Amino acid sequence: MGKKTKEYQRFFLVDYENVHCSGLDGIKNLSDKDCVRIYYREERKKEEKLTLDFHNLINKSKAHFKYIEAKWSIENAADFWILFDIEKLLKKNKTAEYFIVSKDTDFDKDIEKFCERKWKVKRISTIDKRDEQVKNKSTRRKANASKNVSKKTNNREAQIRSFFGQHFKEPEYTKHKEQIIRVLLDGKTKQQVNNGLMKIYRQSGETVGRIVKKCKPLLKELPGK
């Protein structure tokens, strides 16, 4: 026996007439928080039979399955039935995600209307595409984070190079320009910066001291003394 509608986190409404068995790819990865509703038409059952393999996968799946016959005697009856059911389900559970499993783009205008009301309704061609969407979102978040880090690094380097050009014009500094800039850019603490500069000026702690003193504005946000 299935849970109450409000207890499911995701609903997969399968337009079986459109996607057939291939639309059910991914059911093995579903949980008991998922509900799969398969919409079919009686007169199309012979050409849309589930294979034994899919029967076994359904039996093994943790998700709840429900089979709905689209009884309206009109073309694309399953489409209308799916949209009709989504509106009913949303009245009971507005926080869940709703995935229409279909390749039929006719759903898209209605999905836009649902999304305008901040409801989580999407169309996917197979159930496993939902996991792909999650991966893509994760990848995009990582890419955006990487871009932000890269942008921050570029801004920091531009700041250091400008500062160096203004305050380190003497040969004892300019001949080690790139090394000093790299130390200032890579140092995560004041101690790391000091150690990096000591590797450049092994015989001159005084020179390192002068550089650190001049660079106080660049190093003020780094931890350490």
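Modeller: Let's start with accessibility: a residue is buried under 20% relative accessible area, exposed over 50%, and partly exposed in between (1.4 Å probe, protein chains only). This is a predicted model, where local features need pLDDT of at least 70, side-chain atom pairs count only at pLDDT 80 or more, and totals for chains, interfaces and linings use all residues. Residues are numbered from 1 along each chain as its sequence is written, and side-chain values use heavy atoms, with hydrogens and water left out.

Biologist: How many salt bridges does a search of the whole structure find?

Modeller: A salt bridge is a side-chain nitrogen of Lys or Arg within 4 Å of a carboxyl oxygen of Asp or Glu. The search finds 9 of them.

Biologist: Which residue forms a salt bridge with D108, and where do the two lie?

Modeller: Helices (H or I, at least four residues) and strands (E, at least two) are DSSP runs, numbered from the N terminus. The partner of D108 is R123, with the closest N and O atoms 2.7 Å apart. D108 belongs to helix α4 (residues 108-116) and R123 to strand β5 (residues 120-124), so this pair, 15 residues apart, links distant parts of the chain.

Biologist: Is D108 buried, exposed or partly exposed?

Modeller: D108 is partly exposed, at 26% relative accessible area; R123, at 25%, also counts as partly exposed.

Biologist: What about E17 and R41, buried or exposed?

Modeller: E17 is buried at 15%, and R41 is buried at 11%. Their salt bridge brings the closest N and O atoms to 2.8 Å.

Biologist: Which residues are linked in a network of salt bridges?

Modeller: Look at R37, D85 and K88, which are joined in such a network.
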